Structure formats: structure tokens, C-alpha cells
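Open the model in a viewer and keep the selection panel at hand. The stops below say what to select and what is there.

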Amino acid sequence: MAEIKKSNKKNIWVVIPAYNESKNISNVLKKAKRYAQNIVVVDDSSKDNTYNLAKKEGVIVLSHIVNLGKGAALKTGCDFAIKKGAKILVAMDADAQHDPNEIPNFLNALKGNDVVLGYRRFHKKMPLIFRFGNLFISKTTKFLYGLNLRDTQCGYRSFTSDAYTKMRWDALDYSMESEMIANIGKYKFRYTEIPVPTIYSEKHKGTTFLDGIKIVINMIFWRLSR
Amino acid sequence: MIAGVQIIGFLFGLFMIYLTFLYYKRKEYNTKAFGAWMFVWVFFLLIVAFPTMIYGLMETLKVQRTADFFVMAGFLFFALIIFYLFVSVKHMQKNVEKIVRKLAIESER
């Protein structure tokens, strides 16, 4: 596993949006701290103890007073990091689906690129509806934007601060991942994909069937409006 | 138009005038909005009470029955209202997002 130089660590910010993640947040943060000294958790008005547990880990915790959605929480974290001088941002989920051990791989892949997108290798454990939804959205992405991506919905991503400033999304919810891809196409960013382990901790979390339909409608709208 | 439908329409119009006045008194909206809504309901009452008023317009639009005219006008009115609500909600959503983000970032010491 690649090591990260201490001098470079101060410009790297890991942004973790969290909503009702008291079960996983502590473990995720313990692992992430090994690879980044700047970690910001954005508690999106959780009803459980997420905020306090994250605080206990000694990371920066921002709190939304009302629940806005993943896209908004990630944007808050990224805006904060940029304000603090971040040059590289790593976005990951708080539900333990994203292994923090992959952070060095993202940082290595970012060399010479503007954006790095994680992709999951789909296997039988992945719920069928997720596999079908992902395939459908991937095909739509190819058709609308000409980008041939293996996984359009994986939220494990890394990007430079310059890229973030340009592609700052409007979507408040899960469709921000697709909006980010639309912006990659729009600004012709240099991007690459790297494989990440597929971990499904909770079946009922994440993008729903209705979210999928909304994402596709939004993608058509973004294509027409850009 | 059937008298029964006219009565229901008239009572509905009066009820909406009452609600418009009630919420204005509770200062839920300003005089401008009150005036606009009162105009809508008074106009509605007049058409219900004297449907012959719009026969000329119906003839121009080639609409045969008064009920058809009401359904068509209703759809257009609702479409307009839904669009206006959509724009208002999006505008408010953006403002809420900005405030929540500002508070979150500023509260971090």
C-alpha cells in the first residue's frame, strides 16, 4: 500500500457526509485517520448519536441544523475544506461501504488527473435492483455524455480543489453523483476509475428505485441545459 | 349550466373568499396577494352566477359547453399555480441550503 508523505497530508482533506451513522462512524474515522490528518464529517441532522461519536474521534464535525441530503452535506464539507486551504479532496461515505484503506490509491490515481472515480466490481451479493439500476444509469451516461463509466453511483471519489470549484453541484440528494459526472463531461476533466471493494452493510440505505428514476430524468435535463 | 352545479360553485366561491379574507387578517400575506386572490374568486363567482358573460369567449374558442370551459380554464389555472409553487419551493430550498451551510461552517470554531 502506498504511503502518503506527511508534508502532503496537510493539503488532503477527507470529507464524510453522515446521516444516522452511529453504528459505523467511529470505525470509519479510526481507519481514515491513518491516511489523512484533515477529516471533516458533516452530520446532516442525524437523529442518533453520530455527531458526538464523530466528535469523540477528534475530527472536525460540521452540523446541519436540518436534514438536506447527501449532496448538500458533501458540498458543505468540501466548501469548508476549500476555505481551509485544501488542494485535494476525498469524498467517502460514513456507512462503512467505502474502505478508508483505499485512500492512498485514490491519491496516487489523482496524479495527472482532475477526478478519480471509484468503481465497485458487481457480484452476486450486490442487490439485484442496485445492479440493474446502476447498469441503466451507466448506459444513460454513455448515451448522454459519451463517458464510458463502470459505476456511476459509487460515491467514493477524489478530486482536486480546482475541479471541485468548477463542478460544484446543485443537487441536494444522491443525484449529485450523476451531476458530478455530467460536469466531468462538460468541463472535459481528466479522470480515471479505480476499483474499490464492494461492501454492502445495509440493504435499505442508499439510492432507491425512485432515486434512480429521478437521476435519469435529471441527467436528461442537465444534458439539455448544458 | 345546471342550477345545482351553479349552487355548489357559488358556495365554493364564497368559502374561498372567506378563507382569503381570514388568512389576510392573520397577516399570512400582503394586501397585493389578497387583492389578486379576491379578484380570482370574485371573477369565479360572477361567471358561476352569470355564465352568459363568457358565451362570447366560448364561441371564439369554439367551446360548446360551459362545463367544458370551466374544466379547461381550471386545468390552465392549476398548471400555472403548480409552476409558480415549483419556482417558489426551489427558491426557498436554495435559501434554506445556503443558511444551513453558513451556520454549519461558521459554528465550527
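**Stop 1: a loop in chain A**

Start at A:Ala96, which sits in the loop between strand 4 (88-91) and helix 5 (103-110) of chain A. Keep in mind throughout that this is a predicted model. The phi of A:Ala96 is near 70°, a positive value in a residue other than glycine. Most residues other than glycine have a negative phi. Is A:Ala96 buried, partly exposed or exposed? A:Ala96 counts as partly exposed because it has 19 C-beta neighbours inside 10 Å, and a residue needs 20 or more to be buried.

**Stop 2: a loop in chain B**

Now select B:Lys62, in the loop between helix 3 (55-60) and helix 4 (66-107) of chain B. Its phi is near 60°, again a positive value in a residue other than glycine. B:Lys62 has 6 C-beta neighbours inside 10 Å and therefore counts as exposed.

**Stop 3: where the chains meet**

Show both chains. Here 13 residues of chain A are in contact with eight residues of chain B. On the chain A side, the elements that give two or more residues are strand 3 (60-63) and helix 4 (70-83). Helix 4 of chain A gives the most, with four residues. The residues on this side of chain A divide into nine nonpolar, three polar and one charged.

**Stop 4: strand 5 of chain A**

Select residues 115-120 of chain A, which form strand 5. Five of these six residues are buried, so the strand is largely enclosed by the rest of the structure. Which residues are the bridge partners of A:Val115? In strand 6 of chain A the partner is A:Phe159, and in strand 7 of chain A it is A:Tyr191.

**Stop 5: helix 9 of chain A**

Finish with residues 209-225 of chain A, helix 9, which has 17 residues. From its first C-alpha to its last, helix 9 reaches 24 Å, close to the 24 Å expected at 1.5 Å a residue. Colour its buried residues: A:Gly212, A:Ile215, A:Met219 and A:Trp222. They cover an arc of only 85° around the axis, which means that they lie on the same side of helix 9 of chain A. These buried residues pack against helix 6 (128-145) and helix 8 (176-187) of chain A. Turn to the other side of helix 9 of chain A, where A:Leu210, A:Ile213, A:Ile217, A:Phe221, A:Leu224 and A:Ser225 are exposed.

Key. Residues numbered from 1 in each chain as written. Chains lettered and ligands numbered in written order. Predicted model: local features only at pLDDT ≥ 70, side-chain atom pairs only at ≥ 80, totals over all residues. Contact = placed C-beta atoms within 7 Å. Nonpolar A, V, L, I, M, F, W, Y, C, P; charged D, E, K, R; others polar. Expected span 1.5 Å × (residues − 1). Buried ≥ 20, exposed ≤ 12 C-beta atoms within 10 Å, placed from the backbone. Arc of directions from axis to C-beta. Pairing = 2+ DSSP bridges.
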